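Hi,

Here is the structure I promised to pass on to you. Have a look at it first, and then read my notes below.

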Amino acid sequence: MSAVFALVDCNNFYASCERLFRPDLIGRPIVVLSNNDGCIVARSAEAKALGIKMGVPFHQIERYLRQQNVAVFSSNYALYADISARVMSILEQHAPRVEIYSIDEAFLDLTGVDAIVSLDTFGASIRQIVRQHTGIHVCVGMAPSKTLAKLANHAAKVYPATRGVVDLTDPVRQQRLLALMPVSEVWGVGPRLSKRLNAEGIQTALDLAAANPKTIRQQYSVVLERTVRELNGESCLSLEEMTPTKQQIICSRSFGQRITEYRQMHEAICSYTSRAAEKLRQERRTARRLSIFLRTNRFNTAEPQYMPAPGAELPIPTDDTRELVATAIKLLRACWKDGYRYMKAGVMLTDFHQPGTFQSDLFNTAGGNPRSQALMEVLDHINQSGHGQVFLAGQGMQRDWNMQRRYLSPAYTTRWQDIPVVR
DNA sequence: TCTGGGGTCCTAGGACCC
DNA sequence: TCTGGGGTCCTAGGACCC
(Lines give C-alpha, C1' and ligand atoms only; values in the text may rest on other atoms or scores of the structure.)
Protein backbone atom coordinates (compact mmCIF):
# COMPACT_ATOMS: atom_id res chain seq x y z
CA MET A 1 0.00 0.00 0.00
CA SER A 2 1.65 3.22 -1.09
CA ALA A 3 1.52 6.40 0.98
CA VAL A 4 -0.98 9.16 0.28
CA PHE A 5 -0.66 12.58 1.86
CA ALA A 6 -3.23 15.35 1.69
CA LEU A 7 -2.51 19.00 2.29
CA VAL A 8 -5.53 21.01 3.42
CA ASP A 9 -4.96 24.76 3.25
CA CYS A 10 -7.39 27.55 4.14
CA ASN A 11 -7.95 30.11 1.41
CA ASN A 12 -6.81 33.67 2.23
CA PHE A 13 -7.07 32.67 5.86
CA TYR A 14 -6.71 35.94 7.82
CA ALA A 15 -8.86 37.87 5.35
CA SER A 16 -11.50 35.12 5.45
CA CYS A 17 -11.58 35.21 9.27
CA GLU A 18 -12.23 38.96 9.20
CA ARG A 19 -15.08 38.48 6.73
CA LEU A 20 -16.76 35.72 8.76
CA PHE A 21 -18.22 38.28 11.16
CA ARG A 22 -18.68 41.06 8.62
CA PRO A 23 -21.08 39.81 5.93
CA ASP A 24 -21.23 43.40 4.70
CA LEU A 25 -17.70 42.84 3.37
CA ILE A 26 -18.68 40.03 0.98
CA GLY A 27 -17.36 40.93 -2.44
CA ARG A 28 -15.23 43.78 -1.08
CA PRO A 29 -11.43 43.55 -1.17
CA ILE A 30 -9.81 42.96 2.26
CA VAL A 31 -6.20 43.18 3.40
CA VAL A 32 -4.69 42.27 6.76
CA LEU A 33 -1.55 44.01 8.06
CA SER A 34 1.42 42.65 10.01
CA ASN A 35 2.14 43.73 13.59
CA ASN A 36 2.53 47.49 13.93
CA ASP A 37 0.45 47.81 10.76
CA GLY A 38 3.73 47.42 8.89
CA CYS A 39 3.03 45.51 5.70
CA ILE A 40 0.42 43.42 3.89
CA VAL A 41 0.35 39.80 5.13
CA ALA A 42 -2.99 38.59 3.79
CA ARG A 43 -5.38 39.50 0.97
CA SER A 44 -8.85 38.41 -0.06
CA ALA A 45 -9.38 37.18 -3.63
CA GLU A 46 -10.70 40.62 -4.59
CA ALA A 47 -7.57 42.29 -3.18
CA LYS A 48 -5.33 39.90 -5.10
CA ALA A 49 -7.28 40.71 -8.25
CA LEU A 50 -6.44 44.38 -7.71
CA GLY A 51 -2.77 43.43 -7.99
CA ILE A 52 -1.94 44.07 -4.32
CA LYS A 53 1.23 42.16 -3.52
CA MET A 54 2.17 40.21 -0.42
CA GLY A 55 4.65 41.88 1.94
CA VAL A 56 4.31 45.41 0.54
CA PRO A 57 4.73 48.16 3.19
CA PHE A 58 1.29 49.51 4.03
CA HIS A 59 2.30 53.17 3.86
CA GLN A 60 3.40 52.74 0.24
CA ILE A 61 -0.07 51.76 -0.95
CA GLU A 62 -2.33 53.30 1.68
CA ARG A 63 -3.77 55.87 -0.74
CA TYR A 64 -4.42 53.29 -3.40
CA LEU A 65 -6.22 51.06 -0.90
CA ARG A 66 -8.50 53.95 0.09
CA GLN A 67 -9.25 54.78 -3.55
CA GLN A 68 -10.19 51.17 -4.22
CA ASN A 69 -12.37 50.99 -1.09
CA VAL A 70 -10.29 48.16 0.36
CA ALA A 71 -11.18 47.13 3.93
CA VAL A 72 -8.00 47.24 6.04
CA PHE A 73 -7.43 45.23 9.26
CA SER A 74 -4.62 44.99 11.81
CA SER A 75 -3.67 41.40 12.68
CA ASN A 76 -6.17 39.94 15.16
CA TYR A 77 -4.23 36.88 16.17
CA ALA A 78 -6.67 35.82 18.92
CA LEU A 79 -9.43 35.55 16.33
CA TYR A 80 -7.35 33.64 13.77
CA ALA A 81 -6.04 31.16 16.35
CA ASP A 82 -9.57 30.40 17.53
CA ILE A 83 -10.97 29.85 14.01
CA SER A 84 -7.91 27.74 13.18
CA ALA A 85 -8.56 25.48 16.19
CA ARG A 86 -12.11 24.88 14.95
CA VAL A 87 -10.95 23.95 11.44
CA MET A 88 -8.25 21.61 12.80
CA SER A 89 -10.63 19.83 15.12
CA ILE A 90 -12.91 19.06 12.17
CA LEU A 91 -10.00 17.63 10.19
CA GLU A 92 -9.05 15.48 13.17
CA GLN A 93 -12.56 14.07 13.27
CA HIS A 94 -12.42 13.01 9.62
CA ALA A 95 -8.88 11.79 9.04
CA PRO A 96 -7.03 9.09 10.97
CA ARG A 97 -3.77 11.03 11.33
CA VAL A 98 -3.30 14.79 11.14
CA GLU A 99 -0.22 17.01 11.34
CA ILE A 100 -1.06 20.64 12.06
CA TYR A 101 1.60 22.34 10.02
CA SER A 102 0.74 26.01 10.47
CA ILE A 103 -2.17 28.18 11.53
CA ASP A 104 -3.95 27.57 8.22
CA GLU A 105 -2.57 24.26 6.93
CA ALA A 106 -2.60 20.60 7.90
CA PHE A 107 -1.21 17.42 6.37
CA LEU A 108 -3.43 14.32 6.55
CA ASP A 109 -2.34 10.71 6.14
CA LEU A 110 -4.81 9.22 3.67
CA THR A 111 -2.94 5.97 3.10
CA GLY A 112 -5.49 3.25 2.44
CA VAL A 113 -8.40 5.65 2.18
CA ASP A 114 -8.55 5.22 -1.60
CA ALA A 115 -9.51 1.57 -1.10
CA ILE A 116 -12.81 2.75 0.42
CA VAL A 117 -13.64 5.97 -1.38
CA SER A 118 -12.09 7.86 -4.28
CA LEU A 119 -9.66 10.57 -3.22
CA ASP A 120 -11.58 13.17 -5.19
CA THR A 121 -14.75 12.34 -3.30
CA PHE A 122 -12.94 12.39 0.03
CA GLY A 123 -11.35 15.77 -0.70
CA ALA A 124 -14.65 17.29 -1.81
CA SER A 125 -16.42 16.11 1.32
CA ILE A 126 -13.70 17.51 3.63
CA ARG A 127 -14.07 20.85 1.87
CA GLN A 128 -17.81 20.83 2.24
CA ILE A 129 -17.78 19.88 5.92
CA VAL A 130 -15.22 22.52 6.91
CA ARG A 131 -17.14 25.16 5.00
CA GLN A 132 -20.46 24.19 6.54
CA HIS A 133 -19.13 24.17 10.12
CA THR A 134 -16.79 27.16 10.08
CA GLY A 135 -17.52 29.22 6.97
CA ILE A 136 -13.88 28.82 5.92
CA HIS A 137 -13.04 27.67 2.39
CA VAL A 138 -10.19 25.20 2.02
CA CYS A 139 -8.36 23.54 -0.88
CA VAL A 140 -7.16 19.93 -0.83
CA GLY A 141 -4.13 18.51 -2.65
CA MET A 142 -3.33 14.78 -2.51
CA ALA A 143 -0.16 12.95 -3.59
CA PRO A 144 2.38 10.27 -2.59
CA SER A 145 4.75 12.79 -0.92
CA LYS A 146 4.31 15.97 1.08
CA THR A 147 6.14 18.09 -1.50
CA LEU A 148 3.85 16.83 -4.27
CA ALA A 149 0.79 17.32 -2.04
CA LYS A 150 1.87 20.94 -1.61
CA LEU A 151 2.07 21.37 -5.38
CA ALA A 152 -1.30 19.64 -5.82
CA ASN A 153 -2.79 22.06 -3.32
CA HIS A 154 -1.31 24.98 -5.20
CA ALA A 155 -2.90 23.70 -8.41
CA ALA A 156 -6.25 23.35 -6.62
CA LYS A 157 -6.02 27.02 -5.68
CA VAL A 158 -4.89 28.32 -9.04
CA TYR A 159 -7.17 26.36 -11.38
CA PRO A 160 -10.90 26.95 -10.71
CA ALA A 161 -11.84 23.92 -12.83
CA THR A 162 -10.42 21.68 -10.09
CA ARG A 163 -13.15 22.87 -7.67
CA GLY A 164 -10.51 23.07 -4.96
CA VAL A 165 -9.49 19.41 -5.02
CA VAL A 166 -6.54 17.82 -6.88
CA ASP A 167 -5.61 14.15 -6.79
CA LEU A 168 -2.00 13.92 -7.92
CA THR A 169 -1.36 10.22 -7.28
CA ASP A 170 -1.12 9.44 -11.00
CA PRO A 171 2.48 9.78 -12.30
CA VAL A 172 1.38 11.05 -15.71
CA ARG A 173 -0.62 13.82 -14.07
CA GLN A 174 2.37 14.61 -11.84
CA GLN A 175 4.60 15.14 -14.88
CA ARG A 176 2.05 17.39 -16.56
CA LEU A 177 1.68 19.61 -13.49
CA LEU A 178 5.43 19.73 -12.72
CA ALA A 179 6.08 20.97 -16.25
CA LEU A 180 3.71 23.90 -15.65
CA MET A 181 5.14 24.97 -12.28
CA PRO A 182 8.13 27.31 -12.01
CA VAL A 183 10.76 25.83 -9.72
CA SER A 184 10.22 28.72 -7.28
CA GLU A 185 6.77 27.28 -6.45
CA VAL A 186 8.32 24.11 -5.05
CA TRP A 187 8.18 23.77 -1.25
CA GLY A 188 11.70 24.32 0.10
CA VAL A 189 12.91 26.34 -2.88
CA GLY A 190 13.10 30.01 -1.87
CA PRO A 191 14.29 33.07 -3.80
CA ARG A 192 18.03 32.35 -3.38
CA LEU A 193 17.85 28.77 -4.57
CA SER A 194 15.51 29.69 -7.44
CA LYS A 195 18.05 32.16 -8.72
CA ARG A 196 20.89 29.66 -8.58
CA LEU A 197 18.80 26.88 -10.13
CA ASN A 198 17.58 29.15 -12.93
CA ALA A 199 21.16 30.08 -13.72
CA GLU A 200 21.92 26.35 -14.07
CA GLY A 201 19.05 25.97 -16.53
CA ILE A 202 16.56 24.49 -14.08
CA GLN A 203 13.39 26.49 -14.67
CA THR A 204 10.42 24.24 -13.90
CA ALA A 205 9.60 21.81 -11.13
CA LEU A 206 9.95 19.09 -13.76
CA ASP A 207 13.54 20.18 -14.50
CA LEU A 208 14.35 19.86 -10.81
CA ALA A 209 12.65 16.46 -10.58
CA ALA A 210 14.80 15.28 -13.50
CA ALA A 211 18.07 16.37 -11.87
CA ASN A 212 20.45 13.80 -10.42
CA PRO A 213 19.91 13.65 -6.63
CA LYS A 214 23.61 12.91 -5.96
CA THR A 215 24.73 15.92 -7.97
CA ILE A 216 22.16 18.12 -6.27
CA ARG A 217 23.44 16.98 -2.89
CA GLN A 218 27.03 17.84 -3.81
CA GLN A 219 26.27 21.21 -5.35
CA TYR A 220 23.46 22.31 -3.01
CA SER A 221 22.47 20.38 0.10
CA VAL A 222 20.90 17.25 1.51
CA VAL A 223 17.70 19.24 1.93
CA LEU A 224 17.36 19.93 -1.78
CA GLU A 225 18.28 16.34 -2.59
CA ARG A 226 15.30 15.27 -0.50
CA THR A 227 13.10 17.68 -2.43
CA VAL A 228 14.20 16.09 -5.72
CA ARG A 229 13.25 12.66 -4.41
CA GLU A 230 9.93 13.88 -3.08
CA LEU A 231 9.11 15.41 -6.48
CA ASN A 232 9.58 11.93 -7.94
CA GLY A 233 6.97 10.51 -5.61
CA GLU A 234 9.43 9.06 -3.09
CA SER A 235 8.21 10.05 0.37
CA CYS A 236 11.14 11.32 2.48
CA LEU A 237 9.21 13.53 4.90
CA SER A 238 6.87 11.70 7.23
CA LEU A 239 3.73 12.89 8.94
CA GLU A 240 4.58 14.34 12.34
CA GLU A 241 1.57 14.17 14.60
CA MET A 242 3.34 15.06 17.82
CA THR A 243 4.48 18.66 17.88
CA PRO A 244 8.18 18.40 18.73
CA THR A 245 9.21 20.33 21.82
CA LYS A 246 10.61 23.75 21.02
CA GLN A 247 14.35 24.38 20.89
CA GLN A 248 14.04 28.11 21.38
CA ILE A 249 11.50 30.75 22.33
CA ILE A 250 11.69 34.26 20.94
CA CYS A 251 9.61 37.23 21.97
CA SER A 252 10.26 40.38 19.98
CA ARG A 253 8.39 43.39 18.65
CA SER A 254 8.95 46.55 16.70
CA PHE A 255 7.86 49.55 18.72
CA GLY A 256 4.91 51.77 17.87
CA GLN A 257 7.33 54.71 17.88
CA ARG A 258 11.10 54.86 18.12
CA ILE A 259 12.38 54.49 21.66
CA THR A 260 15.02 56.85 23.04
CA GLU A 261 14.63 56.49 26.82
CA TYR A 262 15.98 53.76 29.03
CA ARG A 263 12.69 53.60 30.96
CA GLN A 264 10.78 52.56 27.85
CA MET A 265 13.28 49.89 26.88
CA HIS A 266 13.27 48.58 30.44
CA GLU A 267 9.48 48.16 30.29
CA ALA A 268 9.63 46.48 26.90
CA ILE A 269 12.35 43.99 27.89
CA CYS A 270 10.46 43.14 31.10
CA SER A 271 7.28 42.51 29.12
CA TYR A 272 8.91 40.39 26.43
CA THR A 273 10.77 38.33 29.03
CA SER A 274 7.55 37.74 31.01
CA ARG A 275 5.78 36.59 27.87
CA ALA A 276 8.69 34.32 26.91
CA ALA A 277 8.68 32.81 30.42
CA GLU A 278 4.96 32.15 30.09
CA LYS A 279 5.51 30.29 26.82
CA LEU A 280 8.34 28.36 28.43
CA ARG A 281 6.06 27.16 31.24
CA GLN A 282 3.44 26.14 28.68
CA GLU A 283 6.11 23.95 27.09
CA ARG A 284 6.88 22.54 30.55
CA ARG A 285 10.56 23.36 30.18
CA THR A 286 13.19 25.38 31.99
CA ALA A 287 15.81 27.46 30.16
CA ARG A 288 19.45 27.89 30.94
CA ARG A 289 20.38 30.55 28.43
CA LEU A 290 18.81 33.96 27.87
CA SER A 291 19.82 36.62 25.41
CA ILE A 292 18.31 39.95 24.47
CA PHE A 293 18.75 42.15 21.43
CA LEU A 294 18.17 45.83 20.66
CA ARG A 295 17.97 47.27 17.17
CA THR A 296 17.99 50.68 15.58
CA ASN A 297 16.35 51.10 12.17
CA ARG A 298 18.58 49.28 9.71
CA PHE A 299 16.57 50.69 6.77
CA ASN A 300 17.58 54.21 7.68
CA THR A 301 21.25 54.30 6.74
CA ALA A 302 21.52 57.98 7.61
CA GLU A 303 21.00 57.23 11.31
CA PRO A 304 23.69 55.85 13.60
CA GLN A 305 23.19 52.10 14.04
CA TYR A 306 23.54 50.03 17.18
CA MET A 307 22.48 46.38 17.46
CA PRO A 308 23.83 44.69 20.56
CA ALA A 309 22.78 41.08 21.29
CA PRO A 310 24.28 40.02 24.62
CA GLY A 311 23.49 36.69 26.28
CA ALA A 312 23.97 35.05 29.65
CA GLU A 313 23.89 31.60 31.17
CA LEU A 314 21.79 31.07 34.30
CA PRO A 315 23.36 29.10 37.17
CA ILE A 316 20.43 26.66 37.06
CA PRO A 317 17.80 26.28 34.33
CA THR A 318 14.64 28.11 35.43
CA ASP A 319 11.12 29.04 34.34
CA ASP A 320 10.67 31.69 37.02
CA THR A 321 9.69 35.03 35.51
CA ARG A 322 11.50 36.98 38.23
CA GLU A 323 14.85 35.25 37.71
CA LEU A 324 14.63 35.55 33.95
CA VAL A 325 13.64 39.22 34.12
CA ALA A 326 16.49 39.98 36.53
CA THR A 327 18.96 38.38 34.10
CA ALA A 328 17.50 40.22 31.11
CA ILE A 329 17.68 43.57 32.90
CA LYS A 330 21.29 42.96 33.89
CA LEU A 331 22.10 42.43 30.21
CA LEU A 332 20.13 45.50 29.21
CA ARG A 333 21.90 47.74 31.75
CA ALA A 334 25.26 46.59 30.42
CA CYS A 335 24.53 47.21 26.74
CA TRP A 336 22.19 50.25 26.87
CA LYS A 337 23.47 53.40 25.20
CA ASP A 338 21.74 56.75 25.07
CA GLY A 339 21.60 58.69 21.85
CA TYR A 340 20.10 56.06 19.54
CA ARG A 341 16.57 55.75 18.22
CA TYR A 342 15.68 52.13 18.86
CA MET A 343 13.17 50.44 16.59
CA LYS A 344 12.90 46.92 17.94
CA ALA A 345 13.95 44.68 20.80
CA GLY A 346 13.54 41.07 21.78
CA VAL A 347 14.32 38.26 24.18
CA MET A 348 15.43 34.73 23.30
CA LEU A 349 15.44 31.64 25.55
CA THR A 350 17.49 28.56 24.63
CA ASP A 351 19.21 25.51 26.14
CA PHE A 352 16.05 23.90 27.49
CA HIS A 353 15.84 21.27 30.21
CA GLN A 354 13.09 19.24 31.78
CA PRO A 355 12.15 20.72 35.16
CA GLY A 356 13.91 18.89 37.97
CA THR A 357 16.38 16.91 35.84
CA PHE A 358 19.30 19.31 35.85
CA GLN A 359 22.47 17.98 37.49
CA SER A 360 23.22 20.71 39.96
CA ASP A 361 26.38 21.41 41.93
CA LEU A 362 26.73 21.08 45.69
CA PHE A 363 25.55 24.57 46.52
CA ASN A 364 22.42 24.79 44.45
CA THR A 365 19.18 23.00 45.13
CA ALA A 366 18.18 21.03 42.08
CA GLY A 367 14.55 20.37 41.25
CA GLY A 368 13.41 23.95 41.41
CA ASN A 369 12.02 25.98 44.23
CA PRO A 370 8.49 24.78 45.13
CA ARG A 371 7.41 28.25 46.26
CA SER A 372 8.50 29.77 42.98
CA GLN A 373 6.60 27.08 41.09
CA ALA A 374 3.42 27.75 43.05
CA LEU A 375 3.70 31.48 42.47
CA MET A 376 4.17 31.04 38.72
CA GLU A 377 1.14 28.74 38.56
CA VAL A 378 -1.04 31.35 40.25
CA LEU A 379 0.32 34.05 37.92
CA ASP A 380 -0.44 32.02 34.78
CA HIS A 381 -3.84 31.03 36.10
CA ILE A 382 -4.95 34.61 36.69
CA ASN A 383 -3.54 35.87 33.40
CA GLN A 384 -5.21 33.09 31.39
CA SER A 385 -8.56 33.36 33.19
CA GLY A 386 -9.62 36.51 31.37
CA HIS A 387 -10.48 38.13 34.71
CA GLY A 388 -7.40 40.23 35.09
CA GLN A 389 -3.74 40.80 34.56
CA VAL A 390 -0.94 40.44 37.06
CA PHE A 391 2.52 41.58 36.03
CA LEU A 392 5.80 42.76 37.42
CA ALA A 393 6.14 46.47 38.14
CA GLY A 394 9.01 46.67 35.65
CA GLN A 395 6.62 46.10 32.75
CA GLY A 396 5.26 49.58 33.35
CA MET A 397 1.86 51.21 33.17
CA GLN A 398 2.49 53.74 30.42
CA ARG A 399 3.58 51.31 27.73
CA ASP A 400 3.92 54.19 25.28
CA TRP A 401 6.18 51.97 23.17
CA ASN A 402 3.50 49.36 22.47
CA MET A 403 2.78 48.40 18.88
CA GLN A 404 0.26 50.15 16.72
CA ARG A 405 -2.92 48.35 15.73
CA ARG A 406 -5.11 51.07 14.33
CA TYR A 407 -7.47 48.78 12.43
CA LEU A 408 -8.07 46.01 14.94
CA SER A 409 -11.35 44.10 14.70
CA PRO A 410 -13.16 42.91 17.87
CA ALA A 411 -12.24 39.58 19.51
CA TYR A 412 -15.55 38.13 18.30
CA THR A 413 -15.00 34.62 19.59
CA THR A 414 -12.71 35.00 22.60
CA ARG A 415 -13.95 37.98 24.63
CA TRP A 416 -17.45 38.16 26.12
CA GLN A 417 -18.06 41.84 25.45
CA ASP A 418 -17.03 41.42 21.79
CA ILE A 419 -19.46 38.64 20.90
CA PRO A 420 -21.58 39.73 17.94
CA VAL A 421 -25.17 40.63 18.84
CA VAL A 422 -28.08 39.93 16.48
CA ARG A 423 -30.87 42.49 16.88
C1' DT B 1 7.39 59.27 9.27
C1' DC B 2 5.92 54.64 7.72
C1' DT B 3 9.49 47.94 5.95
C1' DG B 4 6.27 41.53 10.93
C1' DG B 5 7.23 37.76 14.10
C1' DG B 6 8.44 33.17 15.24
C1' DG B 7 10.33 29.15 14.09
C1' DT B 8 13.45 25.04 11.83
C1' DC B 9 17.47 22.79 9.77
C1' DC B 10 22.12 22.59 7.82
C1' DT B 11 26.93 23.92 7.27
C1' DA B 12 31.30 26.05 8.00
C1' DG B 13 34.71 27.28 10.94
C1' DG B 14 36.98 27.96 15.37
C1' DA B 15 38.30 26.13 19.93
C1' DC B 16 39.83 22.47 22.21
C1' DC B 17 41.37 17.75 23.15
C1' DC B 18 44.37 13.69 22.70
C1' DT C 1 62.33 26.20 6.87
C1' DC C 2 60.20 22.74 9.31
C1' DT C 3 55.88 22.62 12.61
C1' DG C 4 50.02 15.82 12.39
C1' DG C 5 45.57 14.08 12.22
C1' DG C 6 41.22 13.30 13.75
C1' DG C 7 37.43 13.91 16.65
C1' DT C 8 33.79 16.70 19.28
C1' DC C 9 31.40 20.66 20.60
C1' DC C 10 29.72 25.18 20.01
C1' DT C 11 28.33 29.28 17.54
C1' DA C 12 27.22 32.18 13.73
C1' DG C 13 25.23 32.64 9.57
C1' DG C 14 22.47 31.32 5.71
C1' DA C 15 18.60 29.28 3.78
C1' DC C 16 13.92 28.07 4.18
C1' DC C 17 8.87 28.05 5.99
C1' DC C 18 4.18 30.38 7.19
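Helices (H or I, at least four residues) and strands (E, at least two) are DSSP runs, numbered from the N terminus. This is a predicted model, in which local features need pLDDT of at least 70 and side-chain atom pairs count only at pLDDT 80 or more, while totals for chains, interfaces and linings use all residues. Residues are numbered from 1 along each chain as its sequence is written, chains are lettered from A and ligands numbered from 1 in the order in which they are written, and side-chain values use heavy atoms, with hydrogens and water left out.

Let me start with the DNA. A residue is near a strand of it if one of its heavy atoms lies within 4 Å. Which element gives the largest share of the surface near DNA strand B? That is E9, with seven residues. Helix H11 (222–231) and strand E9 (249–259) each supply at least two residues there. Around DNA strand B there are 20 residues, of which Ile-250, Ser-252, Arg-253, Ser-254 and Arg-258 come nearest.

- Ser-252 uses a backbone N or O atom, at 2.7 Å.
- Arg-253 uses a polar side-chain atom, at 2.9 Å.
- Arg-258 uses a side-chain N or O atom, at 2.6 Å.

E9 also belongs to an open sheet of four strands, in the order E9-E12-E10-E11 with antiparallel pairing; two strands pair if DSSP finds at least two bridges between them. E9 and strand E11 (311–318) stand at the edges with a single partner strand each, so one side of each has no neighbour in the sheet. From one strand to the next the twist averages 20°, where axes are lines fitted to C-alpha atoms, for helices over the stretch in contact (heavy atoms within 4.5 Å), and angles run from 0 to 180 degrees between N-to-C directions. Inside the sheet, E10 (residues 286–296) and E12 (residues 342–353) pair over ten bridges, and Thr-286 has His-353 in E12 as its bridge partner.

Helix H12 (residues 262–282) lies across E9, E10, E11 and E12, at about 155° to E9. Helix H13 (residues 321–335) lies across E10, E11 and E12, at about 35° to E10.

Best wishes

Technical notes
Polar contact = N/O pair within 3.5 Å; in protein donor to acceptor, adjacent residues only side chain to side chain.
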